Amino acid sequence: GQLRHDVQHPREPLSAIGMLVEGLRLRMKAGLPGITVLSCDNLPAPSGDVTRNALLRYCDLIGEKPGSSGLYEYIQKEVFIPTTMVDRICPE
């Protein structure tokens with residue numbers, strides 16, 4: 001699916017994880033500081049850890065390993081990914 005495409009074409013992402021990593025790569029390349037990635041989901045586990053692990057695993061899959069370009073480290077050190085939990089969705 002989308003992730004398979006993104007791993008083969010990381011500069012033309014279709015998935016949310018691919019888009020986040022490509023956007024963070026462009027920020028890093030431009031010398032901009034990291035951002036906060038806020039996951040609004042209903043996971044009982046620490047959602048911030050799940051999101052961070054997904055971003056770092058994707059980096060690994062596209063060859064952005066620790067020390068290769070700095071992207072892995074940029075995400076680890078400069079990108080704040082807090083744990084949140086949305087307990088219900090309220091219709092308008």
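**How the helices pack**

Helix α2 brings Ile-17, Gly-18, Leu-20, Val-21 and Leu-24 up against Ala-54, Leu-55, Tyr-58 and Cys-59 of α3. Sorted by class, the residues of this α2–α3 contact come out as 8 nonpolar, 1 polar and no charged. The axes of the two helices, α2 and α3, come within 10 Å and cross at roughly 75 degrees. An angle from 65 to 115 degrees counts as roughly perpendicular, so that is how α2 and α3 sit relative to each other. All of this is read from a predicted model.

Stepping back for a moment, the protein chain has 4 helices and 0 strands, which run α-α-α-α from the N terminus on. Its C-alpha atoms fill a box of roughly 40 × 30 × 25 Å along the principal axes. Of the 92 residues in the chain, 32% are buried. Looking at contacts with a separation of 6 or more, 63% of them link residues 24 or more positions apart.

Now for α4. The axes of α2 and α4 also come within 10 Å, and here they cross at roughly 95 degrees, so these two helices are roughly perpendicular as well. On the α2 side the contact is made by Val-21, Leu-24, Arg-25, Arg-27 and Met-28, and on the α4 side by Leu-71, Tyr-74 and Ile-75. Sorting the residues of the α2–α4 contact gives 6 nonpolar, no polar and 2 charged.

The pairing of α3 with α4 has another geometry. Their axes come within 10 Å and cross at roughly 170 degrees, which means that α3 runs roughly antiparallel to α4. The contact between α3 and α4 has 6 nonpolar, 1 polar and 1 charged residues. Taking part from α3 are Arg-52, Leu-55, Leu-56 and Cys-59, which meet Leu-71, Tyr-72, Ile-75 and Gln-76 of α4.

Which residues of α4 are buried? They are Leu-71, Tyr-72, Tyr-74 and Ile-75. Viewed down the axis of α4, the buried residues fall within an arc of 165 degrees, so they line one face of the helix.

Leu-24 lies in helix α2. Is Leu-24 buried or exposed? With a relative accessible area of 1%, Leu-24 falls under the 20% cut-off and is therefore buried. Setting aside neighbours within four places in sequence, Leu-24 is in contact with Ile-35, Leu-55, Leu-71, Tyr-74, Ile-75 and Val-79. Gly-34 is 10 residues from Leu-24 in sequence, and their C-alpha atoms are 7.4 Å apart in space. Over in α4, Leu-71 is likewise one of the buried residues. Not counting residues up to four places away in sequence, Leu-71 touches Val-21, Leu-24, Arg-25, Met-28, Cys-59 and Glu-64.

Arg-25 deserves a look of its own. This arginine lies in helix α2, and at 14% relative accessibility Arg-25 counts as buried. Beyond four places in sequence, Arg-25 touches Arg-11 and Leu-71. Where is Arg-11 found? Arg-11 has its place in the loop between α1 (2–8) and α2. With a relative accessible area of 43%, Arg-11 is partly exposed. The two arginines, Arg-11 and Arg-25, are 14 residues apart along the chain, with 9.6 Å between their C-alpha atoms. Leaving aside neighbours within four places in sequence, Arg-11 is in contact with Glu-22, Arg-25 and Glu-64.

Notes: Residues are numbered from 1 along each chain as its sequence is written. This is a predicted model: local features need pLDDT of at least 70, side-chain atom pairs count only at pLDDT 80 or more; totals for chains, interfaces and linings use all residues. Side-chain values use heavy atoms; hydrogens and water are left out. Contact means heavy atoms within 4.5 Å. Buried means under 20% relative accessible area, exposed over 50%, partly exposed in between (1.4 Å probe, protein chains only). The arc is that of the directions from the helix axis to the C-beta atoms. Axes are lines fitted to C-alpha atoms, for helices over the stretch in contact, and angles run from 0 to 180 degrees between N-to-C directions. Angles under 35 degrees count as roughly parallel, over 145 as roughly antiparallel, 65 to 115 as roughly perpendicular and the rest as oblique. Ala, Val, Leu, Ile, Met, Phe, Trp, Tyr, Cys and Pro count as nonpolar, Asp, Glu, Lys and Arg as charged, and the others, Gly among them, as polar.
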